[in-house]
Amino acid sequence: MLRLYTSKGNSQVRKVKKWLNDQNIAYIERDISSVTKTDLIILLSKTGDGFQDILKRNGKYIEALGNIENLSFDELCSYILEDKNLLKCPIMVDEKKVFTGFHSDEIRKFIPNEIRRNRREIFENNIS
């Protein structure tokens, strides 16, 4: 099941939720402020570049951390758990992948394979 971490008043969250609803993709929504260390470990296990994939890259929050390469895993997790504003938002995670923000071309990877096959069959039948 797709899990969506959100925050109120975020335009990217609104876009993602609208897209998921338009695609009839079920999801469980959780406020990003409820992220636990276990959640972080699950998210990180599905990223390609670890913390870089789920942390904001600029702004006052990330600047306060300095060079994150100098921090241990536990130190960085502690900072994130103390200030969830360090995390990108929204964050979508399923059993295989993590996705942040809203990028219309990339978000399609969350369309289940069964739906993709059905759409491809319909498309192929219409062009035949």
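Reader: Which residues touch the most other members of the largest nonpolar core?

Author: This is a predicted model, where local features need pLDDT of at least 70 and side-chain atom pairs count only at pLDDT 80 or more, while totals for chains, interfaces and linings use all residues. Residues are numbered from 1 along each chain as its sequence is written, and side-chain values use heavy atoms, with hydrogens and water left out. A nonpolar core here is a set of buried (under 20% relative accessible area, 1.4 Å probe, protein chains only) Ala, Val, Leu, Ile, Met, Phe, Trp, Tyr and Cys residues joined through side-chain atoms within 4.5 Å. Of the 20 residues in the largest one, those touching the most other members are F51, L55, I80, L87 and I91.

Reader: Okay, what does F51 touch, leaving out residues up to four places away in sequence?

Author: Contact means heavy atoms within 4.5 Å. With those sequence neighbours not counted, F51 touches L44, I68, F73, L76, C77 and I80.

Reader: And what's the strand order in the open sheet?

Author: Strands are DSSP runs of E, at least two residues, numbered from the N terminus, and two of them pair if DSSP finds at least two bridges between them. The sheet has four strands with mixed pairing, and its edge strands, β2 (27-31) and β4 (98-100), each pair on one side only. The order is β2-β1-β3-β4.

Reader: Which residue in β3 is the bridge partner of L4?

Author: Strand β1 (residues 2-6) runs antiparallel to β3, and three bridges join them. For L4, the partner in β3 is M92.

How values were computed
Buried < 20%, exposed > 50% of the residue type's maximum accessible area, 1.4 Å probe, protein only.
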